[in-house]
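Please read the following report alongside the sequence and the coordinates.

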Amino acid sequence: IDMREKITMLDVDNTQFATMLMKLSTERAKSFKVEWLSDEYLPRLSAWSTSGASDLTTIGVTTSEGAYFRAGDQLIDTVTLEVMLVTGVSASCLTVDRSLGTVAAASFASGDQIVIVGHTNQQGATSPTRIITKTVADYNYTSIQRHAWGFTETAEATEWYGGNLYERQRMKAAVEHKIDVEDTLFFGGRSYSATGPRHSCGGAIEYVTTNVTDSAGAFDKGELADFLRTGLQYGSANKVLFAAPIVAQVLSEFLQDNWVRTGIDERLWGVKVNAVISGIYGTEIPVFVKRDWNKYSTSYFGGRAFLADLDNIQYAPLRATRLIQNTQANDEDSHAGEWK
């Protein structure tokens, strides 16, 4: 038989996220449970929980957000532009002096945003009320990922198309192992069971609970700009976009609308977007297409894109992936190994 020696693979190694993290920010975990702390600066934004007239001096704010304020804070109603002075705080209710600035006191509506614009103290006053944000603890688990292979001694001694049977499967299993790591980083579920025990790593989809945008139909340029405006507001500028093929296709179609034929012999049409630039912040964001997500439904994984801040994501294996040879039983007529 005229058989080509090389065996063609249907899929390719498309594990960009795992590769980046392994090269950029790997740190060995010290336990199967990895923990970290998050913090933020003092919040400055809330909203009125009720409407009121121009003479009202006791006003409710969004539930649980009264703790943002202290006596001496200056706040402004972003709709009426009236500046007020906070003189007292009780739970989610503020006591205020109205019309601190030149804008006269006016009626306001429930839901009006209010912003703390500063703090003012009396001369010779004692120390103001201390407000300190609470650090938030979070965690993840490591996953024991194992990929094994093996063949009988007879199978290994047989001449097969594609070269050495054991070595070819070893390399194939290495890629399959890395694909599992990649998919776990995006879609894994964080869990722990005392039976075993068994623990699994949660992926980005479990931690990205805010700043999530649903295009609710056709994805357009305005939605992309809105998404980037919010996504780039926080964290570092070292972000990348991992996009399903359908998302990358729409990004490229944004430019196809502006294609102009440059000459009569022009035969090349189409564009490929490798990066997007935020018109608000000027940040350039590389786009990596997750080709394997094309097999998923476009209503879920096949239609997703993740904006990842590489400065705030770390690959932390308890033990680096290693090759273990000769895992077969001592008296077994086979040859086996595994990636672990």
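## Cysteines

Cys-93 is partly exposed, with a relative accessibility of 24%, whereas Cys-201, at 15%, counts as buried. The model is a predicted one, and the number of disulfides in it comes to 0. In general terms, a disulfide is a covalent bond that links the sulfur atoms of two cysteines.

## Salt bridges

Side chains that carry opposite charges can pair when their charged atoms come close. The structure holds 8 salt bridges, and among them is the pair formed by the side chains of Arg-70 and Asp-73, with an N to O distance of 3.6 Å. The two partners fall into separate accessibility classes, since Arg-70 is partly exposed at a relative accessible area of 22%, while Asp-73 is buried at 3%; the cut-off that places them so is that buried means under 20%.

Another of these salt bridges joins Glu-167 to Arg-170, whose closest N and O atoms are 2.7 Å apart. Both residues belong to helix α3, which runs over residues 165–187, and they are 3 residues apart, about one turn of the helix; Glu-167 counts as partly exposed, with a relative accessibility of 28%. In helix α5, residues 221–231, Asp-226 and Arg-229 are likewise placed 3 residues apart, about one turn of the helix, and their side chains meet in a salt bridge with an N to O distance of 2.9 Å. Asp-226 is partly exposed, with a relative accessible area of 40%, and Arg-229 is also partly exposed, at 39%.

## Helix α5

At the start of α5, Asp-220 places a side-chain oxygen within 3.2 Å of the backbone nitrogen of Gly-222.

## The chain as a whole

The secondary structure of the chain consists of 6 helices and 17 strands. The radius of gyration of the chain is 29 Å, whereas a compact globule of 340 residues would have a value near 20 Å. Taken along the principal axes, the box filled by the C-alpha atoms is roughly 95 × 70 × 30 Å.

Of the 340 residues in the chain, 31% are buried. When contacts between residues at least 6 apart in sequence are considered, 69% of them join residues that are at least 24 apart.

## The segment after β17

Lys-340 lies in the segment that follows strand β17 (334–339), and with a relative accessible area of 31% this residue is partly exposed. Which residues does Lys-340 contact, leaving aside its neighbours within four places in sequence? The contacts of Lys-340 are with Gln-145, Arg-146, His-177, Ala-320, Thr-321, Arg-322 and Ile-324.

Lys-340 can also be set against Val-103, from which it is 237 residues apart in sequence, with a C-alpha to C-alpha distance of 68 Å in space.

Definitions and conventions
Residues are numbered from 1 along each chain as its sequence is written. This is a predicted model: local features need pLDDT of at least 70, side-chain atom pairs count only at pLDDT 80 or more; totals for chains, interfaces and linings use all residues. Side-chain values use heavy atoms; hydrogens and water are left out. A salt bridge is a side-chain nitrogen of Lys or Arg within 4 Å of a carboxyl oxygen of Asp or Glu. Buried means under 20% relative accessible area, exposed over 50%, partly exposed in between (1.4 Å probe, protein chains only). Helices (H or I, at least four residues) and strands (E, at least two) are DSSP runs, numbered from the N terminus. A disulfide is a pair of cysteine sulfur atoms within 2.5 Å. A polar contact is a pair of N or O atoms within 3.5 Å; within protein, one must be able to donate a hydrogen and the other to accept it, and residues adjacent in sequence count only if both atoms are side-chain atoms. The radius of gyration is taken over C-alpha atoms; the globule rule is 2.2 Å times the number of residues to the power 0.38. Contact means heavy atoms within 4.5 Å.
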